[in-house]
Structure formats: C-alpha cells, structure tokens
Amino acid sequence: MQTRPLGTTGPQVSALGLGCMGMSALYGEADRAESIATIHAALEAGVTLLDTGDFYAMGHNEMLIGEALRAAPAALREQALTSVKFGALRDPDGGWSGYDGRPAAVRNFAAYSLQRLGVDHIDVYRIARLDPNVPIEDTVGAIAELVEKGHVRHIGLSEVGAETIRRAAATAPISDLQIEYSLISRGIEDEVLPTTRELGIGITAYGVLSRGLISGHFTADRQLAPTDFRSMSPRFQGENLQHNLSLVEALRKIAEQKGVSVAQIAIAWVSSRGEDIVPLVGARTRERLTEALGALDVTLDDADLAAIEQAVPADAAAGDRYPAAQMSHLGTDR
C-alpha cells in the first residue's frame, strides 16, 4: 500500500482512507458483521486511516470501530490511525441542532470518543463544522491542549473556507482539512486548495464517489429509505438525477476503454490531483472495498485526464451537494 503525508505536520497515511460513516448511519441499513469484516480487510490491505464522527448514529460508529480494532490482530490494530469529527449536536429522535465548538465541549466530546473507540489517543481530531458562535481560535486552541496532554496527536479541520484555515493555522499546527472533493464537487480548487498547499496542510477528500452517485452502481429506479441522506440530497432528485447519471455514462465509456470500473476511475481522478490529497472511500462491504483498492493501480495520463474533463467538466453537476438548510454550514469563514 502506498502512503502519503497528511500535510507537513501530520503522519504518513495510506493512499486511501476508509470512511466508516455509512456502516452506521445515513445510507440505509448496514450489516454489522460485514462492516467489521470490511474494516479488518482494509487494515489487512494496508489501509491505515479510519475516519468517523462521534455523532454518526450517536456514537454507534465509534463503538463499531472500537469493536473492530479490539478484534484485529495487534500488528494491524497498531497501524490504524483514527480520524474523528466532533461538535454536531443531536437529539433522541435523530435530529440535528447545530454545532458546539466551546473549549469545554471539545474536552467533553474527546473524553467520550476515547472511551467508545477504546484507545488512549485520537490521531486526528477536528470539529465537523464551524460553530458560528465560537471563534475558530478557541476551538483549535482547545484541541491543541489535548495534543499537549497526549489525548490527541494532530489537529484537523473540516469544511471551512480559506480565511478560517489561515486563522486556525496561526493558532496551532494543522495537519489536514477534510472536505468534499470529487469530479462533480470541485469547489475547493479556487481558494481552499491553494491555501492548504501554501500552508502545508493536507486534504482528506470525502465524497469521492458523491455518495454513490458517480460510482457506476446507482440507478434512477433505486428506491431510497426516508432515512437515507440521498432521499433529500438535491443531486439525487428528479431531473437533477437524470442529468447527473448522464455524466456517469460519459465517464463509463472512458472507464471501459481502460478496462476499469467507473468507481475506480473516479477515485483515481481524485488521487491524481496531488500527493497531498488522500481520498476517503465509504465502502460498506468487502466487495466495494476491493473495487476501491483497485483504483490504486489505475494510472491516468494526460489524454485520460483530458477525456475525463471533457466528459465531466467542472460545475457540470446538477443540484447542490447538500439540502439548502445544510449548505449554510459549509465553507463558512468565521
């Protein structure tokens, strides 16, 4: 397994990371045994970065990862690096009620995550979205105190803009920014990516298959459960979905010419954007994990990249990546 630096202040990690959210929440039912087997298969394949959030199914995802780590051989358990997002507030009905980045809350969230994961430190810790009521300096400063005490190894950011990145980096060393980046979600290319590269901050890219939309496996007639995030996502609705699936078919022609899958070429494209970018794949089964790992063997030359750009130009997608109510929490400079 190839490795990449997670920014100038972060660790070396596998060239692909495993995003574990879908094993617990937002994308329909998941099989617990298969989820744990998939985490084990990822570790055995050399994947080191396991990404989660303390609010994914209200702690379920962290406990799932903790269970998988306890059952893994010691050598594999020791190579695993945990990346944890915190701060999202939930209610007993599964609702969302904002974000909390106060220093006292940071310490509280971390204490529970350490317990659920069953680890003595978190490798990368980050607030999931900016708390509009708390300066980023206060939140990052609280994580820096956790670093000093050995509870956290590295500080990350998630879904913030260039100004916030600069303010955070002036407060403490930032290892990476987790943010959505895919063929059809390229907003970071204008300001965010140049800023992280200037400051030596890595990118962990989530949504590289746009929640399955550009995986090559999603079909227009697929029935989604009401609790599935995609049932509310603008890109999966009506004419937007039809348009976006037409982009997938254009991408499929290029993939077939190379003898690879649509998902593999989409992941390879993100990986080709730079050594400072680590794609997170949201595989929920060993079958999908194997397909994703195959992307590491896909090399895209200039002709391939030009063909992909023609098939799926920047801003080609129809619909926002989140419902309107959630878009206000993305990339906010505060």
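**A parallel barrel and its contacts**

Reader: What pLDDT do side-chain atom pairs need in order to count?
Author: Residues are numbered from 1 along each chain as its sequence is written, and side-chain values use heavy atoms, with hydrogens and water left out. The model is predicted, so local features need pLDDT of at least 70, totals for chains, interfaces and linings use all residues, and side-chain atom pairs count only at pLDDT 80 or more.

Reader: Which residues of E5 point the other way from Leu 81, Ser 83 and Lys 85?
Author: In a regular strand the side chains alternate between the two faces of the sheet. E5 has buried residues on both sides. Opposite to Leu 81, Ser 83 and Lys 85 point Thr 82, Val 84 and Phe 86.

Reader: Which residue stands opposite Phe 86 in strand E8 (residues 122–127)?
Author: Two strands pair if DSSP finds at least two bridges between them. E5 pairs in the parallel sense with strand E4 (residues 49–53) over 5 bridges and with E8 over 4 bridges. On the E8 side, Phe 86 faces Ile 127.

Reader: In what order do the strands close into a barrel?
Author: The barrel has 8 strands, and the pairing is parallel. Neighbouring strands of this sheet are turned by 30° against each other on average, direction ignored. Axes are lines fitted to C-alpha atoms, for helices over the stretch in contact, and angles between N-to-C directions run from 0 to 180 degrees. The order is E3-E4-E5-E8-E9-E10-E11-E12.

Reader: Which residue of E12 is the bridge partner of Gly 17?
Author: Strand E3 (residues 17–19) pairs in the parallel sense with E4 over 2 bridges, where Leu 18 stands opposite Leu 50. E3 also runs parallel to E12, joined by 2 bridges. There the partner of Gly 17 is Leu 280.

Reader: Which residues of E12 (residues 277–281) are buried on the side away from Ile 277, Pro 279 and Val 281?
Author: E12 is mostly covered, with 5 of its 5 residues buried. Strand E11 (residues 202–206) pairs with E12 in the parallel sense over 3 bridges, and Ala 205 stands opposite Pro 279. Away from Ile 277, Pro 279 and Val 281, the buried residues are Val 278 and Leu 280.

Reader: At about what angle to E10 does helix H7 (residues 192–199) run?
Author: Helix H5 (residues 136–148) lies across E5, E8 and strand E9 (152–158), at about 160° to E9. H7 packs on the sheet too, touching E10, E11 and E12. Contact means heavy atoms within 4.5 Å. The direction of H7 makes with that of E10 an angle of about 165°.

Reader: How many residues apart in sequence are the parts that Arg 211 and Glu 180 tie together?
Author: A salt bridge is a side-chain nitrogen of Lys or Arg within 4 Å of a carboxyl oxygen of Asp or Glu, and the whole structure has 20. Arg 211 and Glu 180 form one at 2.9 Å, N to O. Arg 211 lies in the loop between E11 and helix H8 (238–258) and Glu 180 in strand E10 (residues 176–180), so the separation is 31.

Reader: Why are Arg 252 and Glu 249 about one helical turn apart, and what is their N to O distance?
Author: The two are 3 residues apart in helix H8, which means about one helical turn between them. Arg 252 is partly exposed at 24% relative accessible area, and Glu 249 is partly exposed at 40%. Their salt bridge, N to O, is 3.1 Å.

Reader: Which residue's backbone oxygen does the side chain of Asn 240 reach?
Author: Asn 240 sits in helix H8 and is partly exposed at 25% relative accessibility. Its C-alpha atom is 6.0 Å from that of Gly 319, 79 residues apart along the chain. A polar contact is a pair of N or O atoms within 3.5 Å; within protein, one must be able to donate a hydrogen and the other to accept it, and residues adjacent in sequence count only if both atoms are side-chain atoms. At 2.9 Å, the Asn 240 side chain reaches the backbone oxygen of Pro 234.

Methods
Buried < 20%, exposed > 50% of the residue type's maximum accessible area, 1.4 Å probe, protein only.
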